[in-house]
Amino acid sequence: MKNYFFFVLSNVLIDNFILVKFLGLCPFIGASNQIERAFGMSFATSFVVIISTTLLWFINSFILLPFNLVYLRIIVYMLIISFGVQLIEIVLRGTSPILYRTLGIFLPLITTNCAVLAIPLFSLYLNHTFLESVLYAVSASFGFTLVMVIFSSIRERILLSDVPFVFKGSPIVLITVSLISIVFMGFRGLVKI
């Protein structure tokens, strides 16, 4: 049990996909200017990551490996991820049209989010069991959500601050991201798995 705790902690803080591995930066920068949009994007991305990682583990273990179809892995993974994005889009359109409109173009872009494809692939290459794959997806999603909420809160605060003209807009956003990234990289070496 202690091992799983450090496994989850490591994926949330130490090996965070956005700030340490620099994957998923497009929705991170694009959808983090409002806290509501950040929560919505985090929920949608987390749903797709968890569902696709679970399905892809089963597909890889019971179809691709036994039938020696490993060369189709990326194509199958992209199809499953696209299916997950379409599913979340249909659900959001029916249940929360306001959130659906708020997320706008960022919702279909989850399909091309490199973190969504990287999480199942890293899980595969690290030879995770089913439970470890699900924990990996859940903890990476939680880390994504944590960073999105922290950064969107900071961005909302920056809008109210008196920022020098030279740093207004993208420069202050990139400086803030790099400072948060340095903080998260400071957690490296604390836990060895």
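**Figure 1. What sits over the buried side of H4.** H3, H5 and H6 are among the elements that cover the buried residues of H4. This is a predicted model, so treat each view here as a look at a prediction. The buried set in H4 is made up of Arg73, Val76, Tyr77, Ile80, Ile81, Gly84, Val85, Ile88, Glu89 and Leu92.

**Figure 2. H3 against H4.** Zooming in on one of those covering helices, H3 packs on H4 at an angle of about 145 degrees, and their axes are 9 Å apart. The crossing of H3 past H4 is right-handed. On the H3 side, the contact uses Phe43, Ala44, Phe47, Val48, Ser52, Leu55, Leu56, Ile59, Asn60 and Leu64. Facing them from H4 are Arg73, Val76, Tyr77, Ile80, Ile81, Gly84, Val85, Leu87 and Ile88. Sort the contact residues of H3 and H4 by class and you get 15 nonpolar, 3 polar and 1 charged.

**Figure 3. H6 against H7.** Here the packing angle is about 145 degrees, with the axes of H6 and H7 10 Å apart. H6 goes past H7 in a right-handed crossing. Ile119, Phe122 and Ser123 of H6 meet Ser133, Tyr136, Ala137 and Ala140 of H7. That contact of H6 with H7 comes out as 5 nonpolar, 2 polar and no charged residues.

Figure 4. Some background: nonpolar side chains tend to be buried together in soluble globular proteins. Setting aside neighbours within four places in sequence, Phe28 is in contact with Ile18, Leu19, Val147, Met148, Phe151 and Val177.

**Figure 5. H8 and its buried residues.** Val177, one of the contacts of Phe28, turns up again among the buried residues of H8. H8 has 16 residues and runs 22 Å from its first C-alpha to its last, close to the 22 Å expected at 1.5 Å a residue.

**Figure 6. Two loop residues with positive phi.** Phe22 sits in the loop between helix H1 (2-14) and helix H2 (25-30). Its phi is near 55 degrees, a positive value in a residue other than glycine. Phe22 has 44% relative accessibility, so it counts as partly exposed. Over in the loop between H6 and H7 is Asn127. Phi of Asn127 is near 55 degrees, again a positive value in a residue other than glycine. Asn127 is exposed, because its relative accessible area is 65%, where the cut-off for exposed is over 50%.

**Figure 7. Gly30 and its surroundings.** Gly30 is part of helix H2. With a relative accessible area of 23%, Gly30 is partly exposed. Not counting residues up to four places away in sequence, Gly30 touches Arg37 and Phe106. Ser141 is 111 residues from Gly30 along the chain, and the C-alpha atoms of this pair are separated by 17 Å.

Methods:
Residues are numbered from 1 along each chain as its sequence is written. This is a predicted model: local features need pLDDT of at least 70, side-chain atom pairs count only at pLDDT 80 or more; totals for chains, interfaces and linings use all residues. Side-chain values use heavy atoms; hydrogens and water are left out. Contact means heavy atoms within 4.5 Å. Buried means under 20% relative accessible area, exposed over 50%, partly exposed in between (1.4 Å probe, protein chains only). Helices (H or I, at least four residues) and strands (E, at least two) are DSSP runs, numbered from the N terminus. Axes are lines fitted to C-alpha atoms, for helices over the stretch in contact, and angles run from 0 to 180 degrees between N-to-C directions. A crossing is left-handed if the near helix is turned anticlockwise from the far one by less than a right angle, and right-handed if clockwise. Ala, Val, Leu, Ile, Met, Phe, Trp, Tyr, Cys and Pro count as nonpolar, Asp, Glu, Lys and Arg as charged, and the others, Gly among them, as polar. The expected span of a helix is 1.5 Å times one less than its number of residues.
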